[in-house]
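Dear colleague,

Please find below the structure that I am handing over to you. A summary of the findings follows it.

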Amino acid sequence: MNRTTLSLIAGATALAAVTGFAAVTSPDTSGTGTAAAAAELPVERTSLTCPTPSVSDLAETTYTSFTPVIKGTGTEGKAELRPAATESTDGKPGKDGKKAPDKDDKDDKGGNDTTGTAAKPVLAAKEPGKPVAVEDSGSESPALAGTADGKFAPGWTVQQTTEVAAGTGRGLLGVTCTAPDTDFWFPGASTAADRTDYVHLVNPDDSAAVVDIELYGRDGALETTAGEGITVPPHSDDPVLLSTLTAEKQDNMTVHVSVRSGRVGASVQALDDKLGGDWLSASVDPTGSLVIPGIPKDATAVRLVAFAPGDADADLKVRLASPSGQITPAGHETLHLKAGMTGAVDLGDVMRGEPGSLVLTPTGRSVPVVAAVRVVRGKGAGQETAFIPATRPVGTRATVVDNRAKGTTLSLTAPFGAAEVKVTASAGSEGGTAASKSFTIKAGTTQQIEAPVPSGLKGTYALTVESVSGGEVHGARTLTEGKDGVSAFTVQTLPDDRGLVAVPDAEQDLSVLQK
């Protein structure tokens, strides 16, 4: 076996280890001596984490799990989510200070209390192509962590949606559960007097993780009192209140979560005294051009927050991709970001009754940046807020779950070239038949499409978007829930689910090893 072939196999193995585990295809035995083109194979294992939903006794939380039907995945596998937090089983106090139960302890039903051992799954998938959902209520709803393997791994998507009727952060809070990783950027967080923002760090592994949290405001890095070397115990969710890390009050800041050892899932929960609350998911990794898709057409205020993490300033063109094409927001043609400083601009009522997406591109030299928007809907006491981060394209395939018969809106944008996509609505969680429809998105536009709905729908359903041809597509789904005059809503983006891994075919002539 020559050195090139060894490198190909090593590269494929490394990529599979990062994205999941993929089976390697049969070697090329044509005798031509030329390796075939890389094959895309379904990943065989995926991990996800979901943060603690709420501390409100009024919270009503729904967890929804879904895997699309994908060819070539085999017939075996499972997808399970369990409570992320477990107590010690040696009788010592767990992270919350409570002693783990003895073996003789009984639960409320008279059985053995298995807290601290392998808890039963909170959410277990039954079959690809059909979502499953469970509901929980109150402040004790747990953070979750779990894995999917075999036929459930590629494209596995989990949504956590919480309704809070009153109090700080009231409204509809939604988040797509995240894969554990080592680096996250959150532009749009705040330590203002009317905000209560937490960074949730979920450790799904058997060993502790060590995390640094850096905060960047309008003048640069903020001095933090306890942001370095945070130990996140195994199998736990550690919510860190940002205002405990710095004494400075900043309306707009960027949070950087970096992991020294181990890995965590990270999300920011942003709770406002007057404007409700929602989850702020991580921005796409720093890059020169960004797309923030799916800003609702009835948004009454839009604030763009961006950050350049390197040593160079960034100058960006700001464009709004509307249904008719890209336009320049009046008075906000460009955005200048000083290196290491968070920049923010209020775009006001920029939507004017039409859905849109923000497209940020360099005016000259490309400098990596991260960005997100805060969106406000409603007026007066009925206002509510949500966040949309810059996101990866849909790519091969992306899925969003917990769609409802009413209040679901799907927006797609093709910022750099026309594209064709296929949108599939899954069977309902409690009944219904899947349906698909194709759409063409014109270059430079954002379209609020009439997505298919399962016939005979009962329960909730998943929407899967697949790229067919043309340029890159970015997407976002808005859920709305109007109650007591409050325009409750939440927005989730649709980045590529990374359910496929490229594995190059390579010759496997082992005769050289036998000489």
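Helices (H or I, at least four residues) and strands (E, at least two) are taken as DSSP runs, numbered from the N terminus. On that basis, the protein chain holds 1 helix and 38 strands. This is a predicted model, in which local features need pLDDT of at least 70 and side-chain atom pairs count only at pLDDT 80 or more, whereas totals for chains, interfaces and linings use all residues. Residues are numbered from 1 along each chain as its sequence is written, and side-chain values use heavy atoms, with hydrogens and water left out.

Of the 515 residues in the protein chain, 50% are buried (buried means under 20% relative accessible area, exposed over 50%, partly exposed in between; 1.4 Å probe, protein chains only). Among contacts (heavy atoms within 4.5 Å) in the protein chain with a separation of 6 or more, 80% join residues 24 or more positions apart. The protein chain exposes about 22500 Å² (Shrake-Rupley method, 1.4 Å probe), and carbon and sulfur atoms supply 48% of this area.

Two residues deserve a note on their backbone. Most residues other than glycine have a negative phi. Histidine 235, which is not a glycine, has a positive phi of about 50 degrees. Histidine 235 lies in the loop between strand S14 (230–232) and strand S15 (236–241), and is partly exposed, with a relative accessible area of 24%.

Aspartate 402 also has a positive phi, near 65 degrees. Aspartate 402 belongs to strand S28 (residues 397–403) and is buried, with a relative accessible area of 0%.

With kind regards
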